[in-house]
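Okay, let's get going. Please put the model up on the screen and I'll walk you through it.

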Amino acid sequence: MNDFPGRYHGSFQAKTHDKSEYAYGYVSGLLRIETERNMANIARKTGMVEQNTQHFMSYSPWSSSGLIVNVQDDIKGHPEFQVGAMLVLDESAEQKAGEYSAGASRQHNGRLGKVEMSQVGVFAALVTPKVNTWIDGELFFPECWFEENYADKRKK
């Protein structure tokens with residue numbers, strides 16, 4: 001984690017600014033906060049300005065797919081994953097208070113064991129006895145998000 005800003009610096013370069021410090025802070029906050037992972041709490045935990053953190057995630061022109069390719073390239077050269085690694089596909093749901101998060105709707109939340117207002121992601125990870133790492137993921141969008149009455153939410 002200490003080399004994260006240096007190693008993935010190019011993935012967070014905007015036209016005139018290096019945004020890798022916000023990427024580091026965001027990931028650091030996600031790893032250190034046990035519950036209520038939101039932009040305000042991540043900013044507080046990491047000492048970053050909340051509005052800047054929100055802007056980094058919502059409006060900065062960095063490429064998440066470019067970052068994923070960089071991580072996957074690093075993993076290809078890691079000796080732990082060359083033999084005996086397992087690919088694990090799983091979903092993870094986060095309860096939401098409202099319908100404004102992308103993909104949020106009343107859907108099954110496995111962690112709660114019931115249908116609730118949630119946002120769901122589907123993830124791939126490589127797992128070995130010594131090292132585990134996330135390698136890809138996508139936000140799940142329920143069918144209702146493709147209906148006409150959700151057009152404004154999709155655009156946002």
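Start at Gly103, in the loop between β1 and β2. Strands here are DSSP runs of E with at least two residues, helices are runs of H or I with at least four, and both are numbered from the N terminus. Is Gly103 buried or exposed? Gly103 counts as buried, because its relative accessibility is 0%. The cut-offs: buried means under 20% relative accessible area, exposed means over 50%, and partly exposed is in between, with a 1.4 Å probe and protein chains only. Gly103 and Gly121 sit 18 residues apart in sequence, and 9.1 Å apart in space from C-alpha to C-alpha.

A word on the source. This is a predicted model, where local features need pLDDT of at least 70 and side-chain atom pairs count only at pLDDT 80 or more, while totals for chains, interfaces and linings use all residues. Residues are numbered from 1 along each chain as its sequence is written, and side-chain values use heavy atoms, with hydrogens and water left out.

Now the overall layout. The protein has 6 helices and 4 strands. Reading from the N terminus, the order is α-α-α-α-α-β-β-β-β-α. Along the principal axes, the C-alpha atoms fill a box of roughly 45 × 40 × 30 Å. Of the 156 residues in the protein, 31% are buried.

Next, a helix pair. Helix α3 covers residues 39-46, helix α4 covers residues 50-58, and they pack at an angle of about 120 degrees with axes 8 Å apart. That angle makes α3 oblique to α4. Under 35 degrees is roughly parallel, over 145 roughly antiparallel, 65 to 115 roughly perpendicular, and the rest oblique. The crossing of α3 past α4 is right-handed.

On to charges. How many salt bridges does the structure hold? There are 4. A salt bridge needs a side-chain nitrogen of Lys or Arg within 4 Å of a carboxyl oxygen of Asp or Glu.

One of them pairs Glu94 with Arg111, with the closest N and O atoms 3.0 Å apart. This pair links distant parts of the chain: Glu94 is in strand β1 (residues 86-95), Arg111 is in the loop between β2 (105-109) and β3 (114-127), and they are 17 residues apart. Glu94 counts as partly exposed, because its relative accessibility is 29%. Arg111 has a relative accessible area of 55%, so it is exposed.

Another one joins Arg106 to Glu116, with closest N and O atoms 3.8 Å apart. Arg106 is in strand β2 and Glu116 in strand β3, so the pair ties together parts 10 residues apart in sequence. Arg106 is exposed, because its relative accessible area is 55%. Glu116 also forms a salt bridge with Lys114, the closest N and O atoms being 3.7 Å apart. Lys114 is partly exposed, because its relative accessibility is 44%. Together, Arg106, Lys114 and Glu116 are linked in a network of salt bridges.

Strand β2 also holds Gln107. At 9% relative accessibility, Gln107 counts as buried. Gln107 and Trp145 are 38 residues apart in sequence, yet 12 Å apart in space, C-alpha to C-alpha.

Last stop, the surface. Which residues make the nonpolar patch? Leu139, Phe141 and Phe146 do, and the patch is about 280 Å². Phe146 is in the loop between β4 (132-140) and α6 (151-155). Phe146 counts as exposed, because its relative accessibility is 57%. Patch residues have over 30% relative accessible area and no salt bridge; like charges are joined within 9 Å, and nonpolar side chains (Val, Leu, Ile, Met, Phe, Trp, Tyr) within 5 Å. Areas come from the Shrake-Rupley method with a 1.4 Å probe, and for residues only the protein chains shown count as cover.

Conventions:
Axes are lines fitted to C-alpha atoms, for helices over the stretch in contact, and angles run from 0 to 180 degrees between N-to-C directions. A crossing is left-handed if the near helix is turned anticlockwise from the far one by less than a right angle, and right-handed if clockwise.
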